[in-house]
Amino acid sequence: MRHSVFGLEAKRAMMERDMKLKELAAQLGISSSYLCEIFKGTRGGEKHRKRIAEILGLQIVIVGKK
């Protein structure tokens, strides 16, 4: 299973916190499968990324489109 850069960082942070995918998905109010797709990069999940980063203590850089 390949993950996006965001997904890899999120998974690393989850491991450090001993947090399961199901737990994070429940906090976000989304399914585990949808969260997994966000981590893989097959779904954008733009409206959830900021909250994921907040929960996991990650800093994210938002790159705008020109």
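Glu-16 is exposed, with a relative accessible area of 57%; exposed denotes over 50% relative accessible area, buried under 20%, and partly exposed the range in between, computed with a 1.4 Å probe on protein chains only. The model is a predicted one, in which local features require pLDDT of at least 70 and side-chain atom pairs count only at pLDDT 80 or more, whereas totals for chains, interfaces and linings use all residues. Residues are numbered from 1 along each chain as its sequence is written, and side-chain values rest on heavy atoms, with hydrogens and water left out.

The partner of Glu-16 is Arg-12: the two form a salt bridge whose closest N and O atoms are 2.7 Å apart. The term requires a side-chain nitrogen of Lys or Arg within 4 Å of a carboxyl oxygen of Asp or Glu. Side chains of opposite charge can pair when their charged atoms come close. Because Arg-12 and Glu-16 lie four residues apart in helix 1, about one helical turn separates them; helices here are DSSP runs of H or I with at least four residues, numbered from the N terminus. Arg-12, at 35% relative accessibility, counts as partly exposed.

The structure holds four salt bridges. Another of them joins Glu-54 and Arg-51, with 3.5 Å between the closest N and O atoms. These two residues are three places apart in helix 4, and therefore about one helical turn separates them. Glu-54 is partly exposed at a relative accessible area of 47%, and Arg-51 is partly exposed at 41%. Arg-43 is partly exposed, with 41% relative accessible area, as is Glu-37, with 27%.

Which residues have the most contacts inside the largest nonpolar core? They are Leu-24, Leu-28, Ile-30, Leu-35, Phe-39, Ile-52 and Leu-56, within a core of 18 residues. Such a core is a set of buried Ala, Val, Leu, Ile, Met, Phe, Trp, Tyr and Cys residues joined through side-chain atoms within 4.5 Å. Helix 1 (5-16), helix 2 (21-28), helix 3 (32-40) and helix 4 (46-56) each give two or more residues to this core. Leaving aside neighbours within four places in sequence, Leu-24 is in contact with Met-14, Met-19, Leu-35, Phe-39, Ile-52, Ile-55 and Leu-56, where contact means heavy atoms within 4.5 Å.
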